[in-house]
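Please keep the structure open while reading.

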Amino acid sequence: GFLRGLEPDLLRQKDGELGQLLATAGVVQRVVEDIVVPGPAWSVGAHHNNPVTMPAALYAYSPGTKTREEAEIKANIRFCAAFGSARFQYLMDLARLGFVFPSCEMLMKGLERIK
């Protein structure tokens, strides 16, 4: 809702303490990476070709979790005016992983697989 000038989305984190959110994001990041490509932890910036869990993708890419500084900047710019001390509850991209597809058609197939 925020980007469209509407009321904010109801989806938000239960915990508003940034340190706890970042700690949880670190655990989630590792779990998701292990689902996509089982094995040792990924390094930040790592990519794995032909991920088994998303065969339409060329590779999976991990930028790692958002840093504390990145999270603070985003929360302050996007959510502080409206939510003050609750601004961190609206951060939904602390754990991140991407897939790169060879075409829009393959991206659509990938999205269908996620549903």
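Predicted model: local features only at pLDDT ≥ 70, side-chain atom pairs only at ≥ 80, totals over all residues.

1. How exposed is asparagine 76, going by its relative accessible area? Asparagine 76 is partly exposed, because its relative accessible area of 38% falls between the 20% and 50% limits. Asparagine 76 sits in helix H2.

2. Now the overall layout. The chain has four helices and three strands. Along the sequence they follow the pattern α-β-β-α-α-β-α. Taken along the principal axes, the C-alpha atoms fill a box of roughly 45 × 30 × 20 Å. The chain has 115 residues, and 26% of them are buried. Consider the contacts between residues at least 6 apart in sequence: 57% of these join residues at least 24 apart.

3. The sheet comes next. It is open, has three strands, and runs in the order S1-S2-S3 with antiparallel pairing. Strand S1 (47–49) and strand S3 (98–100) are its edges, each pairing on one side only. On average, neighbouring strands of the sheet are turned by 20° against each other, direction ignored.

4. Look closely at the pairing of S2 with S3. Strand S2 covers residues 59–61, and three bridges join it to S3 in an antiparallel arrangement. Tyrosine 59 has valine 100 as its bridge partner in S3. Glycine 98 also lies in S3. Leaving aside neighbours within four places in sequence, glycine 98 is in contact with Tyr59, Ala60 and Tyr61. The C-alpha atoms of glycine 98 and tyrosine 61 are 5.1 Å apart, although 37 residues separate the two in sequence. Glycine 98 is partly exposed, at a relative accessible area of 23%.

5. Which residues make up the largest nonpolar core? There are 11: Leu18, Leu21, Leu22, Ala25, Ala71, Ala75, Phe79, Phe88, Tyr90, Leu91 and Leu94. Helix H1 (18–36) and helix H2 (68–78) each supply at least two residues of this core. The largest share, four residues, comes from H1.

6. Not counting residues up to four places away in sequence, phenylalanine 88 touches Gln13, Gly16, Leu18, Leu21, Ala71, Glu72 and Ala75.

7. H1 has 19 residues and reaches 26 Å from its first C-alpha to its last. That is close to the 27 Å expected at 1.5 Å a residue. Its buried residues are Leu18, Leu21, Leu22, Ala25, Gln29, Glu33 and Val36. Seen down the axis of H1, they fall within an arc of 100°, so they line one face of the helix. The general rule is that an α-helix has 3.6 residues a turn, so residues three or four places apart point the same way.

8. What covers the buried residues of H1? The cover includes S2, H2 and S3. The face of H1 turned away from the buried side carries Val27 and Ile35, which are exposed.

9. Threonine 65 is in the loop between S2 and H2. Neighbours within four places in sequence aside, threonine 65 is in contact with Ala25, Gly26, Gln29, Glu70, Leu94, Ala95 and Arg96. Its relative accessible area is 29%, and threonine 65 is partly exposed. From threonine 65 to proline 40 the C-alpha distance is 17 Å, with the two residues 25 apart in sequence.

10. One backbone point remains. Asparagine 50 has a positive phi of about 50°, although it is not a glycine. For background, most residues other than glycine have a negative phi. Asparagine 50 is found in the loop between S1 and S2. Is asparagine 50 buried or exposed? Asparagine 50 counts as exposed because its relative accessibility is 57%, and the cut-off is over 50%.

Note on methods:
Residues numbered from 1 in each chain as written. Heavy atoms only, no water. Pairing = 2+ DSSP bridges. Axes fitted to C-alpha atoms, helices over the stretch in contact; angles between N-to-C directions. Core = buried A, V, L, I, M, F, W, Y, C linked by side-chain atoms within 4.5 Å. Buried < 20%, exposed > 50% of the residue type's maximum accessible area, 1.4 Å probe, protein only. Contact = heavy atoms within 4.5 Å. Expected span 1.5 Å × (residues − 1). Arc of directions from axis to C-beta.
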